[in-house]
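Visitor: I'm new to protein models and would like to learn how to read one. Could you walk me through it?

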Amino acid sequence: MLNSIKTKEQLLLSVLITSLLAFIVGYIIGGWKIGGALSAICLLILLVAKNIWFSDKSNFLLRLSVVNIAVVVVGLTNSWLQPILLNLAKRFLPDLSIPDLNTSPVLYLFVLILVFIVFYFTQDRTVLGKEKETIIEIIQEPDFKDRFKMVCESLADDIRRVDKDTNWRGQYYTPLEAEVEFQDLNRRKKKIVKDLLAALKETKERLILVLGDPGAGKSVALRKLCLGLLTSKEVLKSYKIPIYINLKEWNSDREWTEDTPPTVDEIKGFVLENLKNRDIVTRDFFEDHFDKMYENGNLFFVFDSFDEIPAILGTSHDSLLIDEVSYVFTKFLKGARQPKAQGIIASREFRKPSDSFQSTLSLLIRPLSETNIISIFNRYGKINNEKVKELFRERPDLSNHARNPFTAALISEYIYRNQGSLPENLFLVYDSYVAGILNTSCREKMQRYKLQSDDIKNFMIDFGKVLFENSSLEIPINELRKQLSRHNFEEIVEILKFSRLCREGQGIDRVLSFSHRRFCEFFSVCNLLKEEKLNDKLMLDIPTDSLWRDTLVLYCMVAPRDKAIKIADFCWQIIDKSGSLLDQKSIHALRFLVDAFRGRKECIENFNKNLTKYILKNINKKNIFTTKFAVEALSLLDQDKIDEGTTHALSFGN
């Protein structure tokens, strides 16, 4: 728990104080017999709670000494206990001369402060925690410390390379707020809002779940967490290595089903192979020590992109396969002997790990606040506050997208590149960004290889089509070469990596992917527009919130009117047929309408009146959940109905 850092110390002091009071009360009431009996009970309690004392061996003697000092001082200066202790001492040492000590409240306060300081500053404050038996004692290799430092430096360099390939910079990091759900000491679920990184650093929970939409900042925050730990002195205190693993790189050799899910050994094999393929330092180190470090809890696993594992990309959020995979990850992360071993899994909210993951701490990344959005926009220095106000006032569809850190950065860049004008839709934001990168940063390279920006863009559209048809987010470069025959294939791939629109993954089999999932969706939409066809099967991803749902959202912003209307009507049929806004398919369909048609209301005219009645009807005191979903959809209605629904919702006083 986030607030349980002091729990052990508080409990220990409470037991000691209670023991002392019990002895005093017992002695006053019934003399030595009662006092001794109560003391024996207290000693038994201390024996049962011995793990509290030994939670940190390195500070055990110091803590025990200061408690003994406190007990002696209180005993010798207390007006009740002083005569008893002095008489008891003279029975064994009759010639002992003991001065008469005066009671002093100031002395009590001093002792109390001393105890607090010792217990407070000797608690385990490392993010990664300390182990009972250090890995150095287990491995006993002369140059282990030097190799350990080298592998941490290598892993840190690897994270920096990923940040570079995805065009991310530390100075552009936006602090993210997360809604933290955890269990208190009574196993009751509680929620608080905290800074995401601070919450991750403070928690001592073993299994942690981080949730957020694509572009919400999950990957950036997790890499920043790992990089900060790898470059700090803390890893040398704890000898625990944070390992960042992107699960979208896990291409299994076999098909997974609910009856034949991956095994713990397969996860372990994938992780080890991923580490060994990074460079010679990590390969040699983990070949020698992976098993022992894993078993002793010296590896802090940070798994990113659970929802993008290739084997589960095409499944729905309630798939039995996801449930099985979630349980296997639990067994893998809890397989270490060390109780303080931790693991993080990050995912989008839908197609996330199921309850079988057994996480007692989940962090849901909240949308950016207006202050955060303004901060991102101001980094360009040429976007004035009046333009920001215009965005919030005139374009609620765009301001909603700006609550995502990735799209907020792209929108701000569009405004900067286009002399302050706002884009008509999100599709134009991506299109402008790609064109800007190719026509400026990549111009010299394209001239050297005698390529035009259209050549690069057409290649990316075809690349998006290949990924779309394969239901994947990456593909081996050799396989892509076969499917996209180009005489200048290598030159184009080099430009794509140089532009950071695409990146080459790790491993022996070179794989290529877009640097961000949103770019994959954009070029998939470009392909749909180019082919002028829409496979009706794609719409089935809407009520299940599956792989291409977000691609269709972007497509509806620019699709021909008849095709956009067809998709909108499909969503309304699902909602109307269900009749209940608590039905999962209805929720997904309604949210799709909000995301896709908030800025294109003319496409929902066929059912606008019925939708208005449906939304207003579901804003009621009886069910807070239907009210929440209905209020989220108010932006689809005419302005007078938005006012009516908002006023009605606010009248509940919730």
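Guide: Let's go through some features of this structure one by one. Keep in mind that this is a predicted model.

Visitor: Okay! How many helices and strands does the protein have?

Guide: There are 30 helices and 10 strands. Of the 654 residues, 50% are buried. And if you take the contacts with a separation of 6 or more, 74% of them come from residues 24 or more positions apart.

Visitor: Let's pick two helices, then. At what angle do α18 and α23 cross?

Guide: Helix α18 covers residues 426-441 and helix α23 covers residues 517-531; their axes cross at roughly 105° and come within 11 Å. An angle from 65 to 115 degrees counts as roughly perpendicular, so that is the label for α18 and α23.

Visitor: Which residues make the contact?

Guide: On the α18 side you'll find F427, Y430, D431, Y433 and V434. On the α23 side, look for R518, F519, F522, F523, V525, C526 and L529. Sorted by class, the contact has 10 nonpolar residues, two charged ones and no polar ones.

Visitor: I see rings in there. How do I read a pair of them?

Guide: A pair of aromatic rings is described by two things, the distance of the centres and the angle of the planes. This structure holds 28 aromatic pairs. Take Y430 and F522: their centres are 5.8 Å apart, with 40° between the planes, and the pair is tilted.

Visitor: Where do Y430 and F522 lie?

Guide: Y430 is in helix α18 and F522 is in helix α23, so this pair ties together parts that are 92 residues apart in sequence. Both Y430 and F522 are buried.

Visitor: And what about F514 and F523: what kind of pair are they?

Guide: Their ring centres are 5.3 Å apart and their planes sit at 10°, so F514 and F523 are stacked. They are both buried, too.

Visitor: One last feature. How many disulfides are found in the whole structure?

Guide: First the idea: a disulfide is a covalent bond between the sulfur atoms of two cysteines. A search of the whole structure finds zero of them.

Conventions. Residues are numbered from 1 along each chain as its sequence is written. This is a predicted model: local features need pLDDT of at least 70, side-chain atom pairs count only at pLDDT 80 or more; totals for chains, interfaces and linings use all residues. Side-chain values use heavy atoms; hydrogens and water are left out. Axes are lines fitted to C-alpha atoms, for helices over the stretch in contact, and angles run from 0 to 180 degrees between N-to-C directions. Helices (H or I, at least four residues) and strands (E, at least two) are DSSP runs, numbered from the N terminus. Angles under 35 degrees count as roughly parallel, over 145 as roughly antiparallel, 65 to 115 as roughly perpendicular and the rest as oblique. Contact means heavy atoms within 4.5 Å. Ala, Val, Leu, Ile, Met, Phe, Trp, Tyr, Cys and Pro count as nonpolar, Asp, Glu, Lys and Arg as charged, and the others, Gly among them, as polar. A disulfide is a pair of cysteine sulfur atoms within 2.5 Å. Rings of Phe, Tyr and Trp (its six-membered ring) pair if their centres lie within 6.5 Å; planes under 30 degrees apart count as stacked, over 60 as edge-to-face and the rest as tilted. Buried means under 20% relative accessible area, exposed over 50%, partly exposed in between (1.4 Å probe, protein chains only).
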